[in-house]
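Hi everyone, thanks for coming. Let me put the structure up, and then we'll walk through a few parts of it together.

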Amino acid sequence: MEAVAVAAALGFLLLTAARGSAGDEAREAAAVRELLVRLLGSGPAANFSVSVERALAAESGLDTYRLSGGGVGAQVRVLGSTGVAAAAGLHRYLRDFCGCHVAWSGSQLRLPQPLPVVPEELTEATPNRYRYYQNVCTQSYSFVWWDWARWEQEIDWMALNGINLALAWSGQEAIWQQVYLALGLTQTEIDEYFSGPAFLAWGRMGNLHTWSGPLPRSWHLKQLYLQHRILDRMRSFGMIPVLPAFAGHVPKALTRVFPQVSITQMGSWGHFNCSYSCSFLLAPEDPLFPMVGSLFLRELTKEFGTDHIYGADTFNEMQPPSSEPSYLAAATAAVYQAMIAVDPDAVWLLQGWLFQHQPEFWGPAQVGAVLGAVPRGRLLVLDLFAESQPVYVRTASFQGQPFIWCMLHNFGGNHGLFGALESVNRGPTAARLFPNSTMVGTGMTPEGIGQNEVVYALMAELGWRKDPVADLGAWVTGFAARRYGISHGGAEAAWRLLLRSVYNCSGEGCSGHNRSPLVRRPSLQMVTDVWYNRSDVLEAWRLLLTATPTLATSPAFCYDLVDVTRQAVQELVSLYYEEVRTAYLNKELVPLMRAGGVLAYELLPALDKVLASDSHFLLGSWLEQARVAAVSETEARFYEQNSRYQLTLWGPEGNILDYANKQLAGLVADYYAPRWRLFMETLVESLVQGIPFQQHQFDKNAFQLEQTFVLSTKRYPSQPQGDTVDLAKKLFLKYYPRWVAGAL
């Protein structure tokens, strides 16, 4: 009976999604052909024939592509059951037959001439219905300042990587503004409610309000424009955009208009006080709940149309006001009922993070209350952090509700080499084979993108594989060759070292959030333990440098050289910090000044120069994105300050300090380095004067530096400066011999 119920639920979801995603085959084929031209240029694109036929997947109902042709005078034929399937097939050909590489940091697209022949007609179907992309936080950590050109590039990347389900949450505040005005709130009350652009993700999940706002009128207009273009492009490929729905959070001002409304004030979040958190949650039984939820969804779908899947998170990182299963079931049912009142075909996409984040609250009865409050097949759960802490295992495959096995990987959009590739490789297959599995897809749910591209390349490939990659060492060797457009023994050996070290995260020390001393406010209690052997990183650094005579013309190689140099410096900072702490505790002034001087006055400035040589590691580019999004200088300063806050203090008092840390040229020089210099000077003063180091007083002084950076209007270069190879070599020749000799 259990297996029958599971099959029925999954069958309903499959039919619902298929009906929602069915589009015009000719339009989807045209979208892929346009992508080809954007990717390769009109001349090379003419060597490909692209078509879309739903019948290709008639038996399985799963996205399928077929490759054939190629050779002298013959086109490569790409056939897909959807536009996404055709784009994924095209990517497979470019990757496996042409040795090309598509990446955030720059693509390597040198095509062989003539185009290689597909020796036998190749047909591939994905093992699951969905390949999902995004975390609600990605919208703020990575997408916040994007224009249409950048969105277009990302949607192309999504299509090539086979993504067919993705959040499309831009512009929702404009709709909410309409709804709140219709309900009787004033514009001032609405302005006081919305958080600033860089913090909207947490306003959308009910964690925050007001902080770093208000939203300018121009913001709403721009986001509406973007959302229309985003949806049009996603749908043109046959993707399913996930629109937002009402989760139950409302402005406090609603109590002025409706004095009898039943509202619960939630607890604080993220070390914010109730000026910015402690959100207000409508009681599920209050008649206003379905009215607000339905009004929002009606206005939203009138503006944007719908594909019938909606995202909402009521208790994200917030403990519900009651643990009673009856309350949790009612709160969940209220969200769903407001959806189906407007869209009878609605499916609710729920981030399963709440079950993972507070496991002590979410016992079997509480989890069951949420999962059972929505008909089976109408709740689609993202097992958000499944590569590390899968929830499906301890919830009997989400008690029959369909779920997507997701790789979260990155917290806060941090830089720092990191991955759990062995776990990622094995995870989807294990989830499929789980007893009575309700897995319906794989997903990538990073909080921030644009880092550790090898991890995302593997995960995207696994969305089309029935089994794990047999030999990850061989796979990563091939990845390096495609990425640089040429095989090089040194570079490939470097990648194998990285695979066994930073990309083989496991055990208690495994963390996708970069906590390196380099990017943390200094103290004498900093943790420097890592899950890998640092010597592997430093040896990989050396091996990459041996490849520079051959690979220095490759932009992707230069990016990786900066990234690995950055990681090596991060390791050196930890080692010098340990020397500093030991010298201080032993009251040895000279060793303290020597190690501290190197760290704060030599190593960090040298790192800043290396970062400045690549456009992907510039604070100036980061801040310029924010400024360009504005329509006036006042707005530009406001957006820039939003961006500076997110990178550093996160809140007005350093509430989530350095959570979204980045290693960017300018940020290292003017934020991290001054903080380290202050720490060293304070320690020296402590020893010289014979007074204990006072962490509390240091934190106050450091906060002044941090706040000064946030409020500064200093402009930074948005174009790279200096030669990456030369700068990396100088750094290497200065510090690598010291490390080898044990004389750091």
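How many Å should the 31 residues of helix H23 (residues 555-585) span at 1.5 Å a residue? The expected span, taken as 1.5 Å times one less than the number of residues, is 45 Å, and the end C-alpha atoms are 45 Å apart, which agrees.

A quick word on what you're looking at: this is a predicted model, where local features need pLDDT of at least 70, side-chain atom pairs count only at pLDDT 80 or more, and totals for chains, interfaces and linings use all residues. Residues are numbered from 1 along each chain as its sequence is written, and side-chain values use heavy atoms, leaving out hydrogens and water. Helices (H or I, at least four residues) and strands (E, at least two) are DSSP runs, numbered from the N terminus.

Back to H23: 25 of its 31 residues are buried, so the rest of the structure largely encloses this helix. Buried means under 20% relative accessible area, with a 1.4 Å probe and protein chains only. Just after H23, lysine 587 takes a positive phi of about 60°.

Now find strand E14, residues 403-407. Five of its five residues are buried, so E14 too is largely enclosed by the rest of the structure. Phe403, Trp405 and Met407 point one way, while Ile404 and Cys406 point the other way.

Who are its neighbours? Strands pair if DSSP finds at least two bridges between them. Three bridges join E14 to strand E13 (residues 379-383), running parallel, and five join E14 to strand E15 (residues 439-444), also parallel. Tryptophan 405 stands opposite aspartate 383 and opposite threonine 442 in E15.

Notes:
Buried means under 20% relative accessible area, exposed over 50%, partly exposed in between (1.4 Å probe, protein chains only).
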